[in-house]
Amino acid sequence: MSLTRRQLLAAAAGAGGAAVAGGVLAQEVWPLLGREDLVPGRTPELALRPQAWTTTPDRLTFAAVGDTGTGGRQAVAVATRMAQGYEQNPYGLITHLGDICYYGRIEDRFEDVFLRPYGPLVEAGVDVELAIGNHDGDVHFSDSRLEEIEIELRLLGTPARYFRSTHGPVDFFYLDSSRPGLFGSTASEQLDWLDDALATSTSQWKVVCLHHPPYSSGRHGSTPGAEDLLVPVLERHAVDLVLAGHDHNYERTIPLDGITYVVSGGGAKLTPVRPTRITAAAASVLQYLHVEVDGDRLTGRCIRPDGRTVDRFTLRAREGR
């Protein structure tokens, strides 16, 4: 019996996985357990006050997190801290940076990877908006992957593969950064949409959310094609902040032509990050990002499951767009 890595992990993560994988499980899956976060976590036992947040034309609080889709102990630890962050400073929006489901189909695993870990936040009425990740569906861009993505968008209430939303003083622009979605043969369609959407934005803040980071010092590194195709559009329209996942770590760049790029992919698993000349802060830690916007000031805090702050930064809104 020979299983692919994806099949092995799906077997280990699913109920009755040992029976499905047989002897192969013991020989090949167990060595993956530590780095893949397959040990089940305990569901957060918190009752949050529903709709406790306040959003106004000049104020917004939101959370950002990526690469959460294990349903394991580490993912639950991050989700629990996010719920505790809501208790302390409520927010009505989670910007999810992709890879919300690993090791199987979203319909089979939705309870494990989303409803169970994020139950307290879901019950409190917090919205989740998704930037599609490379593991959201099949590994390759195919008809079956598109079908999986459509199911995922429906389950989360996300309107499309790429879209714009407005919350208080912030316009969010969500991209499907998979191939060929953003950097392949059909890239021009989405890039033209982004160019027009950014051009017509009148909000004080512009935040772009996608899975694959334009700049990263992590294992995957900067996304090929992003600097040539995507970054010029972002710079032309004076985007303030770009949020991404994909690399399983935290990293914030120095401002690059006025834009700050943040990787927040530590929602369940970890990979190394090695700071480079563009890095302002970096750490291989489980984490999420808690962001407060107040007028022309945006403050972000990278928070570990134990509540410690890894990084804190403040941006001022761009003038003269």
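In what order do the seven strands of the open sheet lie?

1. The order is 4-5-6-7-9-8-10, and the pairing in this open sheet of seven strands is mixed. At the edges stand strand 4 (163-167) and strand 10 (279-283). Each has a single partner strand, so one side of each is left without a neighbour in the sheet. From one strand to the next, the twist averages 15°. Please keep in mind as you look that this is a predicted model.

2. Phe173 has Val208 in strand 6 as its bridge partner. Helix 9 (residues 187-199) packs on the sheet, where it touches strand 4, strand 5 and strand 6. The direction of helix 9 makes about 175° with that of strand 5.

3. Helix 9 also has a helix to meet. Two packed helices are described by the angle between their axes and the distance between the axes. Here the axes of helix 9 and helix 10 (residues 226-236) come within 10 Å and cross at roughly 10°. That angle makes helix 9 roughly parallel to helix 10. On the helix 9 side the meeting residues are Leu191, Leu194, Asp195 and Leu198, and on the helix 10 side they are Leu229, Leu230, Val233, Leu234 and Arg236.

4. Six strands form an open sheet with mixed pairing, in the order 3-2-1-11-12-13. Strand 3 and strand 13 (309-316) are the edge strands, and each pairs on one side only. Neighbouring strands of this sheet are turned by 20° against each other on average, direction ignored. Strand 2 (residues 93-96) runs parallel to strand 3, and four bridges join the two. Ile94 stands opposite Val128 in strand 3. Helix 5 lies across strand 1, strand 2, strand 11 (288-294) and strand 12 (297-303), and runs at about 25° to strand 11.

5. Which residues have the most contacts inside the largest nonpolar core? They are Met82, Tyr86, Tyr91, Ile94, Phe114, Tyr118 and Leu121, in a core of 31 residues. Strand 1 (59-65), helix 5 (73-88), helix 6 (106-115), strand 3 (127-130) and helix 8 (143-156) each supply at least two residues of this core. Helix 5 gives the most, with five residues.

6. Leaving aside neighbours within four places in sequence, Tyr91 is in contact with residues including Trp53, Phe62, Met82, Tyr86, Leu121 and His290.

7. A word on cysteines: the count comes to zero disulfides. Are Cys101 and Cys302 buried or exposed? Cys101 counts as buried because its relative accessibility is 2%, under the 20% cut-off. Cys302 is buried as well, with a relative accessible area of 0%.

8. Finally, the whole chain. The protein chain has 10 helices and 13 strands. Of its 321 residues, 57% are buried. Among contacts with a separation of 6 or more, residues 24 or more positions apart account for 70%.

Definitions and conventions:
Residues are numbered from 1 along each chain as its sequence is written. This is a predicted model: local features need pLDDT of at least 70, side-chain atom pairs count only at pLDDT 80 or more; totals for chains, interfaces and linings use all residues. Side-chain values use heavy atoms; hydrogens and water are left out. A nonpolar core is a set of buried Ala, Val, Leu, Ile, Met, Phe, Trp, Tyr and Cys residues joined through side-chain atoms within 4.5 Å. Buried means under 20% relative accessible area, exposed over 50%, partly exposed in between (1.4 Å probe, protein chains only). Contact means heavy atoms within 4.5 Å. A disulfide is a pair of cysteine sulfur atoms within 2.5 Å. Two strands pair if DSSP finds at least two bridges between them. Axes are lines fitted to C-alpha atoms, for helices over the stretch in contact, and angles run from 0 to 180 degrees between N-to-C directions. Angles under 35 degrees count as roughly parallel, over 145 as roughly antiparallel, 65 to 115 as roughly perpendicular and the rest as oblique.
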